Amino acid sequence: MLKEEVFRIQVKKVYQLLILVLIMFAITGGGLLYYLNNPGVFDSNSKTETLLAVSIEEDEDRIANGVHVRTGLVDAEGLMLVVNNCTNCHSSKLVTQNRMSADRWNATIEWMQETQNLWDLGGNQEIIVNYLVTNYPPQKKGRRMALINIDWYELED
Amino acid sequence: MKRREFVKKATLSSFVALIGTELIFGSKMLEGYTPLALQDPNPFKMFKKNKEMIVLNDKPWNIEAQAHLLDDKVTPNSSMFIRNNGLVPESIDSKTWTLTIDGESVKKTKTYSLVELKSKFKHHTYQLTLECGGNGRSEFDPPAKGNQWTVGAVHCASWTGIRLRDVLEDAGIKSNAVYVGYHAIDKHLSMDPKKEPISRGYPMSKALQDETILAFRMNGCDIPLVHGYPLRLVAGGWPASVSGKWVNRISIRNKVHDGTKMNGTAYRIPCKPVAPGEKVKDDDMCIIESMPVKSIITYPQTGAIISQGKTLNIRGHAWAGELEVAKMEYSIDFGSTWTTCDIKKPTNRLAWQHFSVVVDFPDVGYYEIWARATDTNDVSQPMLLPGWNPKGYLNNACHRIAIKVR
């Protein structure tokens with residue numbers, strides 16, 4: 001009785017999987033055939049609106065090499081909160097080039113709320129500030145830094 | 001058994017097909033195609049900038065030069081830094097552009113068309129040094145909030161326009177006038193129509209100077225859109241933020257102008273010196289007026305390696321806000337000894353001045369060339385960072401380039 005039911009369920013599962021696989025096969029096979037007949041269809045200069053739309057969906061929040069591709073922000077705890085709250089009005093570049101303590105970030109957020117129409121961040125503020133001070137900590141520069149990152153080259157005259 | 005085998009094979013082949021397709025997509029997409037969501041307009045093409053310019057911020061656009069890009073005596077558009085507080089306006093019709101002079105201290109509010117301004121008032125051309133108040137901000141410790149400019153937020157282009165004084169006097173200035181404030185058409189980043197991204201100004205004494213102009217041409221051409229087309233206020237020697245772009249209204253005020261970025265900590269420094277990192281009350285902050293004395297070595301580019309026995313030609317520019325540069329020196333031993341070099345007179349008041357000199361090195365090794373300008377009040381550039389201030393303005397520490405002799 002029980003065994004039979006289990007068997008029936010298994011058969012059903014395999015059957016469903018088979019159907020799914022066949023559908024995928026049909027779609028990709030069809031797509032490939034179409035591609036073979038229209039090799040230029042995915043070239044960037046040809047105007048394929050559908051591909052563009054798909055790309056937007058897929059790549060909006062793509063992470064590569066530990067970096068959120070669209071914004072250049074480091075992939076770490078709180079990333080998407082920073083992306084969604086801090087890159088609507090200004091570029092992420094303004095975030096990453098400013099290295100501040102938690103106190104000064106909180107003061108900056110307050111300033112943005114008072115003057116720049118930033119919304120109330122609620123409980124997310126702590127996560128956002130924590131993300132910033134952890135991943136973009138202030139650097140000690142002293143009264144004058146040594147010259148760094150010099151690209152040496154032979155000067156011809 | 002056989003059925004299971006078939007399932008396995010079918011699954012595998014469909015996966016192969018899937019993976020195969022993915023690879024084809026992948027290789028195709030690499031051919032210079034960036035998905036639309038990732039496409040940024042190319043700022044170098046859009047603004048006709050040198051590819052070596054550094055993009056600090058793309059919303060709003062803030063782009064700076066590197067020292068060696070500023071070698072020209074008159075800065076071409078390609079090397080001019082871009083500093084925006086709001087969004088660059090999109091569609092501008094110069095034929096319908098107007099400028100209104102209003103405010104508490106105007107005798108009669110008056111509106112001029114651009115055509116009228118150009119035909120009614122005498123044209124003047126000046127080469128004017130515009131430096132961002134925050135140029136050099138990146139060096140402050142503790143760091144200051146904002147775009148982290150290094151050395152390249154300065155330019156000295158040639159501007160053609162009419163004197164602001166001529167227009168203000170035409171509208172009529174009441175005797176209680178103390179300040180002017182500009183208004184422009186650029187939009188706030190939040191798109192809030194009630195907010196102005198920036199609306200700054202200066203005292204009447206600056207407004208009435210010969211060299212304070214309403215410009216409509218830059219380096220002999222229409223002003224590029226991002227630099228303020230069709231009408232820009234240009235007031236050399238002061239933080240470049242007083243040189244409002246896309247100006248369509250100027251208010252003659254009976255008090256210090258209170259527009260956006262005139263208050264709080266914006267373009268202000270502590271009235272009395274403070275320790276690095278000290279909290280400063282808004283009331284204790286004073287508006288920046290003239291920029292301090294400064295210089296930049298524009299040739300050679302930092303990092304030059306030369307052979308022993310060879311001399312090195314260096315050159316660059318120096319400026320001093322409202323004043324002139326009286327003396328120019330350089331050092332190859334970190335300031336232990338200084339050698340005076342020739343500094344040219346400015347083309348006109350508020351234009352930067354040029355220096356060039358041949359440098360000898362005593363031995364092989366690593367050197368830094370430091371440049372130091374002194375103004376007509378005998379004030380020099382500091383070798384270390386000048387007084388810390390909350391927003392990181394006015395860093396005029398000596399510019400340095402690295403050289404190796406071998």
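Here's a quick briefing on the fold of chain A, one of its helices, and the sheets in chains A and B.

Keep in mind that this is a predicted model. Chain A comes to 6 helices and 4 strands, and 12% of its 157 residues count as buried. The helix to look at is α5(A), which covers residues 102-115.

**Chain A overall**
- Going along the sequence, the elements of chain A come in the pattern α-α-β-β-β-α-α-α-α-β.
- If you take the chain A contacts between residues at least 6 apart in sequence, 49% of them link residues at least 24 apart.

**Helix α5 of chain A**
- This helix has 14 residues, and the distance from its first C-alpha to its last is 20 Å, close to the 20 Å expected at 1.5 Å a residue.
- Its buried residues are R104(A), W105(A) and I109(A).
- Looking down the axis of α5(A), those buried residues stay within an arc of 145 degrees, so they line one face of the helix.
- As background, an α-helix has 3.6 residues a turn, so residues three or four places apart point the same way.
- What do the buried residues of α5(A) pack against? They pack against α6(A), which spans 124-135.
- Turned away from that buried side is a face with the exposed residues D103(A), E110(A) and E114(A).
- After α5(A) comes N117(A), with a positive phi near 65 degrees.

**The sheet in chain A**
- Three strands make an open, antiparallel sheet here, ordered β1-β2-β3.
- At the edges are β1(A) (63-64) and β3(A) (73-74), each pairing on one side only.
- Strands β1(A) and β2(A) (67-68) run antiparallel and are joined by 2 bridges.

- Which residue in β2(B) stands opposite N57(B)? That's N62(B).

Methods:
Residues are numbered from 1 along each chain as its sequence is written. Chains are lettered from A and ligands numbered from 1 in the order in which they are written. This is a predicted model: local features need pLDDT of at least 70, side-chain atom pairs count only at pLDDT 80 or more; totals for chains, interfaces and linings use all residues. Two strands pair if DSSP finds at least two bridges between them. A residue is buried if 20 or more other C-beta atoms lie within 10 Å of its own, exposed if 12 or fewer, and partly exposed in between; C-beta atoms are placed from the backbone. Two residues are in contact if their C-beta atoms, placed from the backbone, lie within 7 Å. The expected span of a helix is 1.5 Å times one less than its number of residues. The arc is that of the directions from the helix axis to the C-beta atoms.
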